[in-house]
Amino acid sequence: MSVLLQQLANGVIQGALIALIALGYTMVYGIIQLINFAHGEVFMVASYGGLATFTLLPDDLKKSPAVALPLMFVGGIVVAVVVAVIMERFAYRPLRNAPRLAPLITALGVSVFLQEAVRVWYPDATSNLPYPKVFPEGGLSFGSVNIAWTGVLLVALSVGLSIILQAYINKSRMGRAMRATAQDPDTAKLMGVNPDRVIVLTFIFGAVLAGVAGVMFGGYLSNINIDMGFQNGIFAFTAAVLGGVGSIRGAVIGAFIIGLIKTLAGQYMPGGTQYDYVWIFVVLILVLVFRPQGLFGEPERVRA
Amino acid sequence: MRKHSVKSAAIVGATLLVVAACGSNKEEGGTAGGSCDTSKGTLTVGVVAPLSGNLSALGIGIKQSAELAVDEANQKCTVKGYKLTVSAQDDEANPAKGAQAATKLSTDPNVVGVVGTLNSSVAQTVQPILRDKKIPQVSPANTNPTLTRGNDFLTAPKRQFDNYFRVCATDDLQGPYAANYLVEKAGKKKIAIITDGKTYGAGLAAELTKQVTKKGGQIVGQETVGEKDTDFSGVIAKVKGLAPEAVYYGGEYPAAGPLSKQMASAGLNVPLMGGDGIFDPKFIELGGKEGDLATSVGAPTESLATAKAFVDAYKKKFGKEDYAAYGAFSYDSTNAIIGALAKTVDGGAWDESKRDAMLTNVGSYSGSGATGEIKFDQYGDSTNKVLTVYSVTSGKWKDVQTGEFTG
């Protein structure tokens, strides 16, 4: 029983991390129908940004987590946003009216570029780097079930930020502009919406969430490497597809489903941890067979 | 529109340039010998090791130690008439990249031998390429027994590659040696196994498993993690439910360090043990905790009288002691190639027709190296079968037991 509870907790924490990244995939897809494969690398770059911020702090500030931790979040988010904005401006905007395949290939190129750039230019990034110990240590324990404080924080941030994001998109003026652009960019333009601004803002929102995820990832797992973006990006992309690309709620729920499948399949399915990835994709395929638009996605409308 | 396509072409071009720059080969030669006769030209000792990526700490130790051996040979005029140089190729711990590196080296008629690889999985692709050209390969670090003796290495050993040699002990000794230590010395009867599923880790864990059972211990579970996994909470929760007294990890330090750390924070406070793949200071930096154990090949470098000269010379040349786990072995491997080359050339000239003689001479090489006596048996394995158990003590690897596996 306690093993089941522990695995459920682990799955929820993994899902929370994937959700933060998946939101970036799903929002960008919702607005410009681009699978931004480089988004996983934005998450990775943010993690290194947080680490660099800590390294640059004066020694006395390094010792006080109350100051260092928020600054690391700010540093990670700023780096993620800057990278995302540059990426949108120079890699995707010139291809806005190109065939869909062109920006997709560009996204793969940007992904490789970011990974190699960090590897070449970040000191010692060729191997795993330990993350600073400024995060709260220890955690909750119920009997033999342990949940690290960093895990609790990760889930709280993930759920909280997705609720705020959902509310912003549904309630605010800018949110309405985003939904309008997603539905029909040309008509939205006629109604006075500036699509370039909306698209940049979408990339910025995605980057902020990826920034939070990047720094939390380092805190939760205590070390980072340049491959983290690729692997978690694949999971997040899968979560977005599972939930229905373009749907905020779908991405978050899809992410939690993937986290839970991974830990529970590793525990209870034949083959154990060796085959846990297999079950994620088995579920994905089953969902897509019966609901090609994903759990919460809308069937794609053919544009006039 | 035209301007746009130019711009995106520039971006794609820049991306390719960066990628190409990362993939380019780093070649560094040894410094010229003082007053030796080098009129006949330059011969090359190839090195294939991970010079970038997670295992680069080990790979760079291998490369630099080979450079040191070549430098010393140049100074001592070991090979008459020739200057020696090192051509180091990066295999990124990736079998496909290793094959490229081996192909590149094997097409050069002046490559007399290759030192490497670090990973057993990479050796599997490098061996046949070098064999086709009869180029001797001496590995400082491959510990998988099938590389020399085939799949039935215990019951029906059969030499696999007549060009392949190694100077370190193998996993069919290392695994059981670790098992004996765990079960008999440390008194851990219930052991859980986690591996990364690669040639090295899975093979090592399989050898350990047999011996643990033989000594009356019990393997309570066996799990596999992905090589690039970072979150091990699922595996740890599963293993924790089995209440092991120790966890054995078959794999390398980039995953083992974080695994040990995550075990502790999940409340699984038992030692993690591994093989030579986790025996590196980086393991501790990444989360390896007090009491974690590792076996490694050979006696501790610092404790060997024969290794002192190597350590001093290395420090003098590179300013740091970052020869890592396999530096001394790489130094010995390189010296075996150089020694055999000196015998093969013997005042004459090198050409590719001498490759057969070169292979014979490596096989019959014997010398006193930094890790002890260097000699090869009929399979190409080292006759030096010494192993050492290390434990993390006050944030450092400390040797606790050195000896040979005796059953």
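Which domains does the domain assignment of chain B give? The assignment gives domain 1 (27-169 + 303-376) and domain 2 (171-297 + 387-404); such bounds come from an automatic or database domain assignment. This is a predicted model, in which local features need pLDDT of at least 70 and side-chain atom pairs count only at pLDDT 80 or more, while totals for chains, interfaces and linings use all residues. Residues are numbered from 1 along each chain as its sequence is written, and chains are lettered from A and ligands numbered from 1 in the order in which they are written.

**The two domains of chain B**

- The C-alpha centres of domain 1 and domain 2 of chain B are 29 Å apart.
- Domain 1 of chain B puts 18 residues into the contact and domain 2 of chain B puts in 18 residues, where contact requires C-beta atoms, placed from the backbone, within 7 Å.
- On the side of domain 1 of chain B that touches domain 2 of chain B, α2 (56-75) and α4 (120-132) of chain B each supply at least two residues; helices are DSSP runs of H or I with at least four residues, strands are runs of E with at least two, and both are numbered from the N terminus.
- α4(B) gives the most to this side, with three residues.
- This side of domain 1 of chain B has ten nonpolar, eight polar and no charged residues; Ala, Val, Leu, Ile, Met, Phe, Trp, Tyr, Cys and Pro count as nonpolar, Asp, Glu, Lys and Arg as charged, and the others, Gly among them, as polar.

**The nonpolar cores**

- The largest nonpolar core has 116 residues, of which B:V247, B:Y248, B:I337, B:L341 and B:V362 touch the most other members; a nonpolar core is a set of buried Ala, Val, Leu, Ile, Met, Phe, Trp, Tyr and Cys residues joined through C-beta atoms within 7 Å.
- Helix α12 (residues 327-345) of chain B gives the most to this core, with nine residues.
- Domain 1 and domain 2 of chain B each provide at least three residues of this core.
- A second, separate core of 92 residues includes A:A80, A:Y131, A:A207 and A:F256.

**The contact between the chains**

- Chain A contributes 38 residues to the contact and chain B contributes 37 residues.
- α5(A) supplies the largest share of the side of chain A that touches chain B, seven residues.
- That side of chain A comprises 13 nonpolar, 21 polar and four charged residues.

**An exposed loop residue**

- B:N269 is in the loop between α9 (253-265) and β9 (272-274) of chain B.
- B:N269 is exposed because 11 other C-beta atoms lie within 10 Å; a residue is buried with 20 or more such atoms, exposed with 12 or fewer, and partly exposed in between.

Notes
Contact = placed C-beta atoms within 7 Å.
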